[in-house]
Amino acid sequence: MISGSDANNDWWAVAAIGLMAMVLVTFDHEALGHGGMCLALGGRILELTSSIFRCNLRSAWIAPAGPLCNLIVGTLSLLLTQATARRQLGTRLFLILVTSFSYFWEAGYVIHAMHRRDGDLYFAGQDFLGEPALGWRITGALMGLMLYIFTVRWAWRALSELWPGNLGVARRAGRIVWLSATLGAALAALFYRGVGLADLRDAILEIGVSAFPLLWIGPYEHRLRDSRRLAAAKPTPQDPSGPPRIARNRCLIGAAALIYAVFFVTLGRGIFD
């Protein structure tokens, strides 16, 4: 049965927000991070896609620039989430997803990179820390695991608090944004103009697989002291505007479609020199 706040949410608008968050996080990592560092060092971009980057210049700073950029943008979004009014559900959802996709991507990526001895962060470790690699690989994997656990807990709590007292709505929103972001990333990478399916595989891993906890938002249990504080608090008057919801917004959906179209024909299909 659909509750009142569930029925009042426009799920196309929710999906559009998830799609835009995916585009921003992917752009941050590949174009702004890797691409920006390549250009800043005087290099030339040879290939730029939603999950592949090549520069004609060899530098130890290019590999970690993508992950670092995502961590910076994700942290800024986390801070902005706290400063955004609770009634601005669409804005808060977008910021939560930018943080979640950024942190999930980089936390899962560093664990994978340290295990497989491959990828941006492993190569950066080799460049800056050298060999033997076992010590810093274990440290890196543990840091990634800690960030991943933090992100799961924070994302579950942040999404649950968008619709207080209605975990079912938060879970449905989590599944819709995960689905829209994963399908958007996969569809764009499917039309990659290069050879092979590596771009598609990496796009699915970086967005869909890494952020799978969004498919099941666990209950956020308040601590005993929080329960006592809430019980002792004075009741607040009911908000005349009704339960929190994300309303139909054709401008938002249109903007998301336009942004995704640009993403599709550029980073999705790939930019080559």
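Close-up 1: E47 stands opposite F272 in β3. This is a predicted model, where local features need pLDDT of at least 70 and side-chain atom pairs pLDDT 80 or more, while totals for chains, interfaces and linings use all residues. Residues are numbered from 1 along each chain as its sequence is written, and side-chain values use heavy atoms, leaving out hydrogens and water. β1 and β3 run antiparallel and are joined by 2 bridges. Strands here are DSSP E runs of at least two residues, helices are H or I runs of at least four, and both are numbered from the N terminus; two strands pair if DSSP finds at least two bridges between them.

Close-up 2: Strand β1 (residues 45-48) pairs with β2 in the antiparallel sense, over 3 bridges. Look for L48, whose bridge partner in β2 is F53, and for I45, which has C55 as its bridge partner in β2. The hairpin gets from β1 to β2 through 4 residues. Zoom out a bit and you have an open sheet of 3 strands, ordered β2-β1-β3 with antiparallel pairing. β2 (53-55) and β3 (271-272) are the edge strands, each pairing on one side only.

Close-up 3: L41, L57, W61, F128 and L129 make a nonpolar surface patch of about 500 Å². To count, a residue needs over 30% relative accessible area and no salt bridge; nonpolar side chains (Val, Leu, Ile, Met, Phe, Trp, Tyr) are joined within 5 Å, and like charges within 9 Å. Areas are Shrake-Rupley values with a 1.4 Å probe, and for residues only the protein chains shown count as cover. W61 sits in the loop between β2 and α3 (62-83).

Close-up 4: Helix α6 (residues 134-162) packs with α3 at an angle of about 30 degrees, their axes 14 Å apart. Axes are lines fitted to C-alpha atoms, for helices over the stretch in contact, with angles from 0 to 180 degrees between N-to-C directions. α3 and α6 are therefore roughly parallel to each other (under 35 degrees; over 145 is roughly antiparallel, 65 to 115 roughly perpendicular, the rest oblique). Their crossing is left-handed, as in a near helix turned anticlockwise from the far one by less than a right angle; clockwise is right-handed. Helix α4 (residues 89-116) has an axis that comes within 8 Å of that of α6, crossing at roughly 160 degrees. That makes α4 roughly antiparallel to α6, and α4 passes α6 in a left-handed crossing.

**Close-up 5: α7 against α8.** Helix α7 (residues 167-190) and helix α8 (residues 198-209) pack at about 165 degrees, with axes 8 Å apart. The two are therefore roughly antiparallel to each other, and the crossing of α7 and α8 is right-handed.

**Close-up 6: the R248-D10 salt bridge.** R248 forms a salt bridge with D10, with 2.4 Å between the closest N and O atoms. R248 lies in the loop between α9 (224-232) and α10 (250-268) and D10 in the loop between α1 (4-8) and α2 (11-40), so the pair ties together parts 238 residues apart in sequence. The rule (a Lys or Arg side-chain nitrogen within 4 Å of an Asp or Glu carboxyl oxygen) gives a count of 5 salt bridges.
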